[in-house]
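Please read this report with the model open beside it, and look up each residue as it is named.

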Amino acid sequence: MSEQPDHGGISRRRFLQAAALAGSAGLTGGVAALGAQAHTTRLPFANGERELTRAFPQKGEMILLRTRPPMLETPFDVFDHGVFTPNDRFFVRWHLAYIPTRIDARAFRLNVRGHVGKPLSLGLDQLMSDFERVEIAAVNQCSGNSRGFFQPRVPGGQWANGAMGCARWTGVRLKDVLDRAGVNAGAVQVRFNGMDSGTLQATPDFLKSLDLEHARDGEVMLAYGMNGEQLPVLNGFPLRLVVPGWYSTYWVKMLDDIEVLDKVDDNYWMAKAYMIPDTPHASVTPEQTGFKSVPINRLVPRSFITNLHDGDKVLSGHDVALRGIAFGGDTGVKKVLWSSDGGEHWLEAGLEEDQGKYAFRRWNARLTPAKRGDMELLVKAINTHGTEQPLAPNWNGGGFMRNVAERTRLVVT
Ligand SMILES: Nc1nc2c(c(=O)[nH]1)N[C@H]1C(S)=C(S)[C@@H](COP(=O)(O)O)O[C@H]1N2
Ligand SMILES: [Mo]
């Protein structure tokens, strides 16, 4: 293959290096190696004590939720540095224990089959040369991000706010690949499968599906690049689905199989897991039963202060800079509003460079606290569809879609 720089200045070869991680402690569950660096942090909820780890391949310091299959959270301070989350700090979440640790990018094949005219078996080089290259900045956020804050608590990964990240994804349109295969009349959904699997036969394989129209919207992409580099193995090398504006459960990693279905997918991961109440804001009371459930889908807006922490001290009569990130969810950020009086008055924050409607957007504001004592800052985003973050948290048994306006308590001295 020729080393041809493309318009983005990134050579193909850069995405095609073999990734071999055999023997790395983090992936194979070498607990002894992990234990060697006992360094902890405390997430701001009960039982929030966590180990910080550097034992995972291609990853810097991460918050360890689980070793195998890995669940690694991004330490929140990372989000103060910019809108793009570095690959080596990007969160990691896998459901199934068997993840290939050695992948030969040259032998890799993506199969497209099922209800199509012409099944395909595409190598990475073909994907890169035969289809138009596209790029999109988008937030990848786990459905259960912030689950640890649910009250009452719910089972599942006890994440704080770091099961999200924003990257520039490079790849090809799923639509173009489906068109090449020729979707047959009567097709209704497209199902995605990655190279991971359970260690027990009984474990249902991780399969996710999108409606055909969605799959062909021209935005859903097959990504081989993340922030200008090949995907880290733990984030899905060599190829992953990117579903802009949707929760990351659909962003299937190590994607090697696409099946066009002529009926609605009823596999475990579509029909049983990742279901939300079909109620406003997917919210119910803990006692509530008898509601209809639907598969989780679009992201909702969120915003965070990134430069100040709960309990920080600030000086009265002095200017304090506030800054943070926001995202609109399935559309762009229209406004970020903040309040220092419990939500009675709201001020509009300044919005920084727009990297695209699915990306993080930096915001900033200035505050001069007048009187000493406790102060609580509230921040909320409103997206361009007019959806705004609620002041009271939603609740559901899955711990999904938390997006309450965040509160940061300051002490004015
Ligand atoms: N093959 C595969 N893809 C997957 C998953 C998985 O378990 N296996 N988990 C999904 C879920 S629930 C999340 S939150 C995202 C996490 O993406 P990341 O690890 O790149 O941050 O991957 C998604 N894609
Ligand atoms: Mo997730």
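Around ligand 1 there are 19 residues, and those that come nearest are Phe 91, His 95, Asp 196, Arg 240 and Lys 253, where a residue counts as near if one of its heavy atoms lies within 4 Å of the molecule. This is a predicted model, in which local features need pLDDT of at least 70 and side-chain atom pairs count only at pLDDT 80 or more, while totals for chains, interfaces and linings use all residues. Residues are numbered from 1 along each chain as its sequence is written, chains are lettered from A and ligands numbered from 1 in the order in which they are written, and side-chain values use heavy atoms, with hydrogens and water left out.

The table lists polar contacts of the ligand, a polar contact being a pair of N or O atoms within 3.5 Å.

| Residue | Protein atom | Ligand 1 atom | Distance |
|---|---|---|---|
| Phe 91 | backbone N or O | oxygen | 2.6 Å |
| His 95 | polar side-chain atom | oxygen | 2.7 Å |
| Asp 196 | side-chain N or O | nitrogen | 2.7 Å |

Taken alone, ligand 1 exposes 530 Å², and the protein buries 100% of that area, as computed by the Shrake-Rupley method with a 1.4 Å probe. The shell around ligand 1 consists of 10 nonpolar, five polar and four charged residues; here Ala, Val, Leu, Ile, Met, Phe, Trp, Tyr, Cys and Pro count as nonpolar, Asp, Glu, Lys and Arg as charged, and the others, Gly among them, as polar.

Where does ligand 1 sit? The space taken by ligand 1 is the largest cavity, and a molecule is said to sit in a cavity if more than half of its atoms lie within 2 Å of the grid points of that cavity. On a 1 Å grid over the protein atoms alone, a cavity is a set of points where a 1.4 Å probe fits but cannot get out, whereas a pocket is an open set with protein on both sides within 12 Å along at least five of seven lines, and lining residues have an atom within 4 Å of a point. The largest cavity holds about 240 Å³ of space. Its lining has 18 residues, of which Arg 93, Arg 240, Ser 248, Trp 251 and Lys 253 are the closest to its centre, and by class this lining divides into eight nonpolar, six polar and four charged residues.

The largest pocket has a volume of about 930 Å³. It is lined by 37 residues, and Pro 44, Phe 149, Asn 161, Asp 310 and Glu 406 lie nearest its centre. The strand β28 (406–412) is among those that supply at least two residues of this lining, and β28 gives the largest share, four residues; strands are DSSP runs (E, at least two residues), numbered from the N terminus.

Finally, the backbone has a cis peptide bond that joins Arg 68 and Pro 69, with omega about -10 degrees, and Pro 69 is placed in the loop between β4 (62–66) and β5 (71–73). The peptide bond from Phe 237 to Pro 238 is also cis, with omega near 5 degrees.

How values were computed. A polar contact is a pair of N or O atoms within 3.5 Å; within protein, one must be able to donate a hydrogen and the other to accept it, and residues adjacent in sequence count only if both atoms are side-chain atoms. Grid points are joined across faces, edges and corners, and a volume is the space filled by probe spheres set on the points.
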